[in-house]
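Here's a quick briefing for anyone opening this one for the first time. Have a look at the chain, then read on for the main features, grouped by topic.

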Amino acid sequence: MNNSNLTLGDRNNSSINLQQTTLPSSETVDIASELEALKALLTELRSPDQRKIENAIADAQDELTKPQPNKDEVGQALDRALTYAQKTGNFAESIEKLRLHVEKSAAWLGENWYKLLTLVSLTL
């Protein structure tokens, strides 16, 4: 993963702390349970975009009902939900609770969706 940090202005400081993690094998992940847990945690945030977060999670859950769920569809929906959730004032306090479920979801989704991990692993 290639990460960068750009700081503009005079006498500004910033840092990025990345945490390395080992993901479980995709076969061991119950993605339906992980999405349900994420839904519960994201509901606690009380975002002005709450309806959009709920719709995105519902889209992911709906995709799982298909005989051959499209992992990209699930990943896109989860990405939308987390992106909306990031805009809430208390998202940072929820990162620790969200991280394990996002890690398991990313493991199930596959390498193309490891980028979801950055939404719950960066501390600026």
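What you're looking at is a predicted model, where local features need pLDDT of at least 70, side-chain atom pairs count only at pLDDT 80 or more, and totals for chains, interfaces and linings use all residues. Numbering runs from 1 along each chain as its sequence is written, and side-chain values use heavy atoms, with hydrogens and water left out.

**Overall layout**
- The protein chain has four helices and zero strands, counted as DSSP runs numbered from the N terminus (H or I of at least four residues for helices, E of at least two for strands).
- Along the sequence, that gives the pattern α-α-α-α.
- Of the 124 residues in the protein chain, 37% are buried, meaning under 20% relative accessible area with a 1.4 Å probe, protein chains only (exposed is over 50%, partly exposed in between).
- Take the contacts (heavy atoms within 4.5 Å) with a separation of 6 or more: 70% of them in the protein chain join residues 24 or more positions apart.

**The core**
- In soluble globular proteins, nonpolar side chains tend to be buried together.
- Here, the largest nonpolar core has 31 residues, and Leu42, Leu78 and Leu116 touch the most other members; such a core is a set of buried Ala, Val, Leu, Ile, Met, Phe, Trp, Tyr and Cys residues joined through side-chain atoms within 4.5 Å.
- At least two residues of this core come from each of α1 (31-43), α2 (50-64), α3 (71-86) and α4 (91-109), with α4 giving the most, at eight residues.
- Setting aside neighbours within four places in sequence, Leu116 has contacts that include Gly75, Leu78, Val102 and Leu109.

**The bent helix, α4**
- α4 has a kink of about 55 degrees centred on Lys97, the bend being the angle between axes fitted to the seven residues ending at a residue and the seven starting there.
- Between its end C-alpha atoms, α4 spans only 23 Å, while a straight helix of 19 residues would span 27 Å (1.5 Å times one less than the number of residues).

**A loop residue**
- Ser47 sits in the loop between α1 and α2, and it counts as buried because its relative accessibility is 8%.
- Beyond residues up to four places away in sequence, Ser47 touches Ile53, Tyr84 and Thr88.

**Charges over rings**
- Lys71 lies over the face of Trp108, 4.7 Å from the ring centre, and the charged end of Lys115 sits over the ring of Trp113, 4.6 Å from its centre. To count, NZ of Lys or CZ of Arg must be within 6 Å of the ring centre and within 35 degrees of the ring normal.
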